[in-house]
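Hi there,

Here is the structure I promised to pass on.

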Amino acid sequence: MLRQRETWKDVLKDLDATVVRKSVCGLCRQSVPKLAKSHVIPKSIMMLGRPKDTPEPMVLIPSNATKRVLRSQAGIYSSIVCSACEASFQAGDDALLALCRTWEQGQPSGPANEPVVCKVYPEILSTTLHRGLLTALFRAHVSPHPMFENVDLGAEHEEAVRKLLLSDQPTITSPYRVVIRTAPGVAAGTIMSPMRERWDGVNVYRFYFPHVSAFIKVDKKPFVDAWEAGSLGALSCAHAMVEERLHDGEIARIKRAMMGRDAEVERFGGRDVSTT
């Protein structure tokens with residue numbers, strides 16, 4: 001079905017293919033009577049980003065600053081895979097949810113008299129969390145939702161990740177390395193569209209979950225130095241780098257997206273994201 005260097009997303013764009021969209025799994029590529037309701041960001045994670053003491057849903061910042069800020073109490077779902085493939089994602093999704101729920105409760109790692117720059121989470125296996133984040137990347141890639149319009153793995157990486165997720169091979173030994181970061185504050189609780197970046201010449205997708213960011217390498221080039229040392233897999237359990245706040249560039253991006261949306265800011269709590 002795929003032509004050379006064509007991705008699954010290309011197929012769905014090129015074809016007026018309601019039948020394909022509804023009946024062919026984006027992962028195993030099997031025809032099924034009906035695709036599952038696959039969560040790219042489930043409600044359970046979405047609601048963790050609400051400001052405390054408010055029922056307001058999470059603010060979702062789209063990649064395109066010209067598009068409206070989205071709100072959702074139900075998570076982000078797309079019909080992109082079959083029920084069997086969706087079920088295979090569950091353990092990794094549970095590991096990511098556990099990290100988002102307990103990001104403050106990790107055990108400090110490093111010298112006792114120095115600032116905490118890393119925390120470990122003994123109850124969360126790094127192998128399971130890594131697979132969960134790689135499935136999130138793949139689902140964002142094949143999802144037609146506008147939040148993920150800038151996630152494009154290209155044909156080569158799409159096929160490599162797809163085969164990896166279908167195999168019994170631990171994903172953590174693959175070239176798709178992952179670095180986790182946690183940060184406090186209202187700004188860090190914001191779910192934003194994934195960003196493609198280059199770190200030391202290496203292509204990375206940055207995913208934002210409430211207080212947890214994942215940097216997923218999508219490149220043949222290896223991570224080096226601190227990036228490789230900080231990648232999942234250095235320990236059997238999950239670990240995360242600790243930041244005191246989001247970087248200025250990230251905060252500026254949130255402000256740009258919220259500019260001119262006073263009513264939405266007020267509903268979010270009227271707080272300055274740079275200071276909370």
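When I say that two residues are in contact, I mean that they have heavy atoms within 4.5 Å of each other. Please keep in mind that this is a predicted model.

Let me start with Ser 174. Leaving aside neighbours within four places in sequence, Ser 174 is in contact with His 130 and Leu 164. You will find Ser 174 in the loop that runs between helix H7 (154-166) and strand E7 (178-182). Is Ser 174 buried or exposed? Its relative accessible area is 7%, and buried means under 20%, so Ser 174 is buried. A polar atom of the Ser 174 side chain also lies 2.6 Å from the backbone oxygen of Thr 171.

Next, the nonpolar interior. In soluble globular proteins, nonpolar side chains tend to be buried together. Here the largest nonpolar core has 53 residues, and Leu 129, Leu 133, Leu 137 and Ile 180 are those with the most contacts inside it. Helix H6 (residues 126-142) gives the most to this core, with seven residues. Another core, of six residues, lies apart from that one; among its members are Val 179, Val 204, Phe 215 and Trp 227.

Leu 133 deserves a look of its own. If you set aside the neighbours within four places in sequence, Leu 133 is in contact with Leu 96, Val 178, Ile 180, Phe 209, Ala 214, Ile 216 and Leu 232.

How do H5 and H6 sit relative to each other? The axes of helix H5 (residues 90-102) and H6 come within 7 Å and cross at roughly 105°. Angles of 65 to 115 degrees count as roughly perpendicular, so that is the word for H5 and H6. On the H5 side the contact is made by Ala 91, Gly 92, Asp 93, Ala 95, Leu 96 and Leu 99. H6 brings Thr 128, Leu 129, Gly 132, Leu 133, Thr 135 and Arg 139 to this contact.

Now for the charged residues. How many salt bridges does the structure hold? There are seven salt bridges. One of them joins Glu 158 to Arg 29, with the closest N and O atoms 3.7 Å apart. This pair links distant parts of the chain, 129 residues apart: Glu 158 is in helix H7, while Arg 29 is in the loop between helix H2 (18-23) and strand E1 (38-41). Glu 158 and Arg 29 are both buried.

Happy browsing, and do write back with any questions!

Best wishes

Methods. Residues numbered from 1 in each chain as written. Predicted model: local features only at pLDDT ≥ 70, side-chain atom pairs only at ≥ 80, totals over all residues. Heavy atoms only, no water. Helix = DSSP H or I, 4+ residues; strand = E, 2+ residues; numbered from the N terminus. Buried < 20%, exposed > 50% of the residue type's maximum accessible area, 1.4 Å probe, protein only. Polar contact = N/O pair within 3.5 Å; in protein donor to acceptor, adjacent residues only side chain to side chain. Core = buried A, V, L, I, M, F, W, Y, C linked by side-chain atoms within 4.5 Å. Salt bridge = Lys/Arg side-chain N within 4 Å of Asp/Glu carboxyl O. Axes fitted to C-alpha atoms, helices over the stretch in contact; angles between N-to-C directions. Parallel < 35°, antiparallel > 145°, perpendicular 65-115°, else oblique.
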